[in-house]
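Hi,

Here is the structure I promised to pass on. Have a look, and my notes follow below.

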Amino acid sequence: MHVDVFCEDHAFDLDQSRCVLEAGINAGLKAKMHVDQFNDFGGVAMAVELGAASVDHLDVTGREAIESLANSDTIAVLLPAVNFNLGMAEYADGRAMMEAGAAVALATDLNPGSAPCPSMPTVMAIACRYQRFTPAEALHAATINAAFAIGQGDRTGSIEVGKRADILILNEADYRHIPYFFGGNPVHTVIKNGQVLNP
């Protein structure tokens, strides 16, 4: 279970964000933050200090904050469908984050206000086109790193002995086709915890 706060202009400032997160931590929750979508207020540094599982958005995150992420266990979660939907020209610098050594994940941020996109393949396609991910990096970011961002990396996110059998079988001949073709649904079969949900 997590507590999340949006640290941004016209949302929660740093002091308010700390109050929310510390209250959640004291109640036994793990911290998460949405930060640096439009302004860099120092939210990444606070997230790292508080041992946050993840920080989301990071569109305007600077070099110093990227380095702090690279030296922490906090996952950088990029949300390129938000930028695409809002018609923004700039995206989070995923390439700089990966090169610095930060663990980077991808997510839809599905919501009716800024990201009405439920499609992870579309998110991967945007990341490859606008954030200079390779298809392999996008797949890694959408699976195992995303699992760690929600505290599930030891149980799911990759096919390994001892993990839950949460598996998607896709109608694609090559993993590189996932971000190459976009706008459709490549899912053939969903297996959740070893059970086939749609034969």
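Helices (DSSP runs of H or I, at least four residues) and strands (DSSP runs of E, at least two) are numbered from the N terminus. This is a predicted model, so to speak of local features I need pLDDT of at least 70, and side-chain atom pairs count only at pLDDT 80 or more, while totals for chains, interfaces and linings use all residues. Five strands make an open sheet, ordered E1-E2-E3-E4-E5 with parallel pairing (a pair needs at least two DSSP bridges between the strands). Strand E1 (2-7) and E5 are the edges with a single partner strand each, so one side of each has no neighbour in the sheet. From one strand to the next, the twist averages 25° (axes are lines fitted to C-alpha atoms, for helices over the stretch in contact, and angles run from 0 to 180 degrees between N-to-C directions). Helix H1 (residues 14-26) packs on the sheet and touches E1 and strand E2 (30-35), its direction making about 175° with that of E1 (contact is heavy atoms within 4.5 Å).

Now the pocket. On a 1 Å grid over the protein atoms alone, a pocket is an open set of points where a 1.4 Å probe fits, with protein on both sides within 12 Å along at least five of seven lines; lining residues have an atom within 4 Å of a point. The largest pocket holds about 1,000 Å³ of space, the volume being what probe spheres set on the points fill, with points joined across faces, edges and corners. Among its 33 lining residues, Ala142, Thr143, Gly157, Asp166 and Leu168 are the closest to the centre. Elements that each supply at least two lining residues include helix H6 (120-130), helix H7 (135-142) and strand E7 (187-192), and E7 gives the largest share, 4 residues.

Cheers

Key:
Residues numbered from 1 in each chain as written. Heavy atoms only, no water.
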